[in-house]
Amino acid sequence: MSDNSPDFSETPLSSRTVYRGKLLHVTEDKVRLPDGKTAIREYIKHPGVVMIIALPDEETLILERQFRYPLKRHFIELPAGKIDAGEESLAAAKRELIEECGYEAKDWRHLATLHPCIGYADERIELFLARDLVHVGRKPDDGESLEVLPVKIAEALEWVRAGRITEIKAVIGLLWLEKILRQEWA
């Protein structure tokens, strides 16, 4: 993008809360468009999440299987969880890996910041690679039920290709891992 690209920024004129829940906050803003007209923008404020590609060895990764109520079925996912207010993303990743999977990692690397829903939410996903794992025992949150699945990386990638893994964060994380392992991305 060049420095002389047009500016399509919208200016907020007013804002109101439509719904405030434990996780999501729905907002409706009135904005001024670049052409001077006004419009309404509805969006979800989200605290952000971390997602972890956890490798107990160079051929295996940790996946999870859990029920997701909105679609009323089980999904296979990478370990992930909400970033608490005031919490650094790496601290959240370390906490979630212990809580959900029972592992600590000696080697952590931040891979990317992803924005999965830019049309209607400000959610961000901080993607981490965790290596050199040590099992320390799970500490799940109240009401959190999931199955920890150590899976060969090649098999997990086949599950993506076959449509067994469809959760978008997991798909992106696994394809990112494949690029790293092929030494196509640093």
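**Exercises on burial, a helix and a pocket**

With a relative accessibility of 1%, Cys101 is classed as buried (under 20% relative accessible area; over 50% is exposed and in between partly exposed, with a 1.4 Å probe and protein chains only). The model is predicted, with local features requiring pLDDT of at least 70 and side-chain atom pairs pLDDT 80 or more, while totals for chains, interfaces and linings use all residues. Residues are numbered from 1 along each chain as its sequence is written, and side-chain values use heavy atoms, without hydrogens or water.

**Exercise 1.** Classify Cys117 as buried or exposed, and give the count of disulfides.

*Solution.* Step 1: Cys117 has 17% relative accessibility and therefore counts as buried. Step 2: a disulfide is a pair of cysteine sulfur atoms within 2.5 Å; the count by this rule is 0.

**Exercise 2.** Describe H3 and its buried residues.

*Solution.* Step 3: the buried residues of H3 include Lys169, Trp176 and Glu178. Step 4: just after H3, Gln183 adopts a positive phi of about 60°.

**Exercise 3.** State which elements each supply at least two residues to the lining of the largest pocket.

*Solution.* These are strands S5 (60-68), S6 (73-77) and S7 (80-82), together with helices H1 (89-101) and H3 (168-181).

Note on methods:
Helix = DSSP H or I, 4+ residues; strand = E, 2+ residues; numbered from the N terminus. Expected span 1.5 Å × (residues − 1).
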